[in-house]
Amino acid sequence: MSITAKQLAAMLGLSESAVSLALNNKPGVSRATRERVFEAAKENGFEFFRKSFTTDQKKGVICFTIYKKSGAVVDDTPFFSALTDGVSICCLKEGYDCVIRYLYEDDDLENQIYAIEKSHFSGIIVLATEMVEERLKVFDLLTSPFVFLDSYFEKPQYNFILINNIQGAFMATSHLIKRRRTQPGYLRSSFWISNFEQRADGFYKAIRAAGMSTSQSHVIRLTPSQSGAYHDMKALLNSGEKLADCYFADNDLIAIGAMQALKEAGYRIPEDVAIVGFDDMPSCEYVNPPLSTINVPKVCLGETATRRLIQLINGLNPQPLKIEVSTNLVKRKSVT
């Protein structure tokens with residue numbers, strides 16, 4: 001016999017209302033609490049959809065599935081909160097309920113996906129930021145329509161919705177070249193994801209377009225989190241390594257962490273070192289100096305994935321698509 005919501009609340013030491021909010025993807029609980037509730041529900045056999053949805057109430061249920069490998073990239077950040085908002089907003093507009101599930105690479109993926117399949121969702125959005133190409137095939141176990149969000153691989157049978165990473169990195173790097181009139185360096189993530197690989201393509205494309213040699217770019221590998229980038233950069237500066245005049249960073253967290261270490265070491269930004277990030281997180285406006293960065297329309301990205309999935313649910317335009325959402329440069333004070 002499966003566990004009830006009341007029993008789940010008692011087991012977790014939460015109120016019944018908090019458990020209800022978490023399971024129904026409603027505001028009022030933290031991301032960490034929501035994930036904790038879903039994990040306990042999954043482990044204890046909670047049936048997520050005992051209630052039925054009539055056609056005059058809801059068209060169906062869309063599952064926003066977050067694929068987690070290490071948590072180094074997909075975590076409780078404003079970026080992924082905004083993506084979730086985009087999915088939830090579009091579901092609400094289109095008459096669908098939205099729930100959140102998690103997949104963990106270190107567990108048995110086939111069994112996890114089978115559990116999702118048993119829930120009979122109308123469609124599934126897979127946040128594939130941390131996914132590697134070898135894991136794609138396991139999703140063929142799903143009979144419901146699905147799309148991959150925030151990642152891309154050269155697999156023509158799947159639908160991918162993602163940022164135009166190459167365009168954004170090219171704009172950021174070209175901006176540095178134009179303003180500094182020198183070859184930019186690269187604060188590159190030490191953690192592999194497909195987005196960062198595409199940003200690397202955009203960075204080197206801009207270097208070549210400016211007539212510069214890609215081998216001459218100073219590349220520093222940093223952890224893609226603010227604290228990780230700070231400690232990595234601090235260790236590098238303590239080693240006495242010579243720096244470039246300016247840098248493009250794979251994301252804002254790397255940029256902000258590196259800026260903190262640079263300032264502590266006595267470097268002035270942007271006078272001594274200029275930096276451009278990627279994502280346009282809210283903190284970019286509040287660091288000193290405010291960070292120039294690439295704006296990603298995050299809510300739009302989530303909405304676009306949801307609309308594409310609803311097309312598939314309705315049998316419209318079944319040809320697999322790669323949809324890229326354009327970015328734009330936000331100029332602030334970290335570059336002169």
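In this predicted model, helix α6, which spans residues 165-180, and helix α7, which spans residues 194-209, approach each other so that their axes come within 7 Å and cross at roughly 40°. Angles under 35 degrees count as roughly parallel and 65 to 115 as roughly perpendicular, and α6 and α7 are therefore oblique to each other. The crossing in which α6 passes α7 is right-handed. On the α6 side the contact is made by N165, I166, A169, F170, T173, S174 and I177, while α7 contributes N195, Q198, R199, D201, G202, F203, K205, A206, I207 and A209.

Four strands, in the order β7-β6-β8-β9, form an open sheet with parallel pairing. Its edges are β7 (219-222) and β9 (274-276), each of which pairs on one side only, and from one strand to the next the twist averages 25°. Strand β8, residues 246-249, runs parallel to β9 and is joined to β9 by three bridges; C246, for instance, has A274 in β9 as its bridge partner.

The helices and the sheet also meet. Helix α7, already described as a partner of α6, lies across β6 (185-189), β7 and β8, and runs at about 170° to β6. Helix α9, residues 252-264, packs on the sheet as well, where it touches β6, β7, β8 and β9, and the direction of α9 makes about 120° with that of β6.

Methods. Residues numbered from 1 in each chain as written. Predicted model: local features only at pLDDT ≥ 70, side-chain atom pairs only at ≥ 80, totals over all residues. Heavy atoms only, no water. Axes fitted to C-alpha atoms, helices over the stretch in contact; angles between N-to-C directions. Helix = DSSP H or I, 4+ residues; strand = E, 2+ residues; numbered from the N terminus. Parallel < 35°, antiparallel > 145°, perpendicular 65-115°, else oblique. Left-handed = near helix turned anticlockwise from the far one by under 90°. Contact = heavy atoms within 4.5 Å. Pairing = 2+ DSSP bridges.
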